[in-house]
Amino acid sequence: MAQATAALKGGPAQLGKLAGLVIELAAILLVIYYFQLESQGFFHVALLASAGFVVHYFLPFEHRLPFFLLLSLAAVAVIFGWQALWLIGIGLLLIGVCHLPLSLGTRIGVLTA
């Protein structure tokens with residue numbers, strides 16, 4: 001409840017703007033679904049992103065970045081299924097190599113190998 005109250009700091013006008021955006025997002029999702037503009041995977045990611053947008057609006061600032069990370073990982077999982085574990089694992093490995101306490105040349109060599 002405190003989070004919803006914090007979102008109301010901007011007043012009812014801010015909440016009205018959010019409601020307008022949510023209605024527009026719902027209309028876009030309806031058009032994508034009804035006319036089958038893209039694959040089902042695209043629709044599911046668009047639905048996930050739209051719901052994430054609303055949740056993100058009400059989150060306190062310190063929780064927004066971790067939520068965005070989880071939302072992004074969920075979108076990758078929606079598209080790739082269980083194969084997403086490989087993609088995420090390889091990405092984490094590459095990021096880990098970039099943070100090794102080695103010289104730049106050594107890290108570049110490890111990355112290219």
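Guide: Helices (H or I, at least four residues) and strands (E, at least two) are DSSP runs, numbered from the N terminus. The model above is predicted, and local features need pLDDT of at least 70, side-chain atom pairs count only at pLDDT 80 or more, while totals for chains, interfaces and linings use all residues. Residues are numbered from 1 along each chain as its sequence is written, and side-chain values use heavy atoms, with hydrogens and water left out.

Visitor: Good to know! How many helices and how many strands does the chain have?

Guide: Reading along the sequence gives the pattern α-α-α-α-α-α. The secondary structure therefore holds, by the DSSP runs just described, helices and no strands in these numbers: six and zero.

Visitor: What radius of gyration does the chain have, next to that of a compact globule of 113 residues?

Guide: Let's start with the box around the C-alpha atoms, which along the principal axes is roughly 55 × 40 × 20 Å. The radius of gyration is also taken over C-alpha atoms, and the globule rule is 2.2 Å times the number of residues to the power 0.38. A compact globule of 113 residues would come out near 13 Å, but this chain has 19 Å.

Visitor: What share of the residues is buried?

Guide: Accessible areas come from the Shrake-Rupley method with a 1.4 Å probe, where only the protein chains shown count as cover for residues. The chain's accessible surface is about 8600 Å², and carbon and sulfur atoms hold 76% of that. Buried means under 20% relative accessible area, exposed over 50% and partly exposed in between (1.4 Å probe, protein chains only). Of the 113 residues, the buried share is 13%.

Visitor: And among contacts with a separation of 6 or more, what share joins residues 24 or more positions apart?

Guide: Contact here means heavy atoms within 4.5 Å. Among the contacts of the chain with a separation of 6 or more, residues 24 or more positions apart account for 45%.

Visitor: Which residues line the largest cavity?

Guide: A cavity is a set of points on a 1 Å grid over the protein atoms alone where a 1.4 Å probe fits but cannot get out, and lining residues have an atom within 4 Å of a point. Points are joined across faces, edges and corners, and a volume is the space filled by probe spheres set on them. The count is one cavity of 30 Å³ or more, and the largest has a volume of about 30 Å³. Its lining is made of I32, Y33, Q36, E38, S39, Q40 and F43.

Visitor: Which helices each supply at least two residues of that lining?

Guide: By class, the lining has three nonpolar, three polar and one charged residues. For these classes, Ala, Val, Leu, Ile, Met, Phe, Trp, Tyr, Cys and Pro count as nonpolar, Asp, Glu, Lys and Arg as charged, and the others, Gly among them, as polar. The helices that each supply at least two lining residues are α2 (12-35) and α3 (40-58).

Visitor: Is Q36 buried or exposed?

Guide: Q36 sits in the loop between α2 and α3. Its phi is near 50 degrees, a positive value in a residue other than glycine. With a relative accessible area of 64%, Q36 is exposed.

Visitor: Where does S50 make contact, leaving aside neighbours within four places in sequence?

Guide: S50 belongs to helix α3. It counts as buried because its relative accessibility is 12%. Beyond those sequence neighbours, S50 is in contact with L25 and L29.

Visitor: What about V97: which residues does V97 contact beyond four places in sequence?

Guide: V97 lies in helix α5 and counts as buried, at 11% relative accessibility. V97 and I108 are eleven residues apart in sequence and 8.9 Å apart, C-alpha to C-alpha. Its contacts beyond four places are R107, V110 and L111.

Visitor: Last one: how far apart are the C-alpha atoms of P101 and G20?

Guide: P101 is in the loop between α5 and α6, and it is exposed because its relative accessibility is 78%. L100 is found in the loop between α5 (84-98) and α6 (104-112), and it is partly exposed at 34%. P101 and G20 are 81 residues apart along the chain, and their C-alpha atoms are separated by 49 Å.

Definitions and conventions
1 Å grid on protein atoms, 1.4 Å probe; cavity = no way out; pocket = protein on both sides within 12 Å on 5 of 7 lines; lining within 4 Å.
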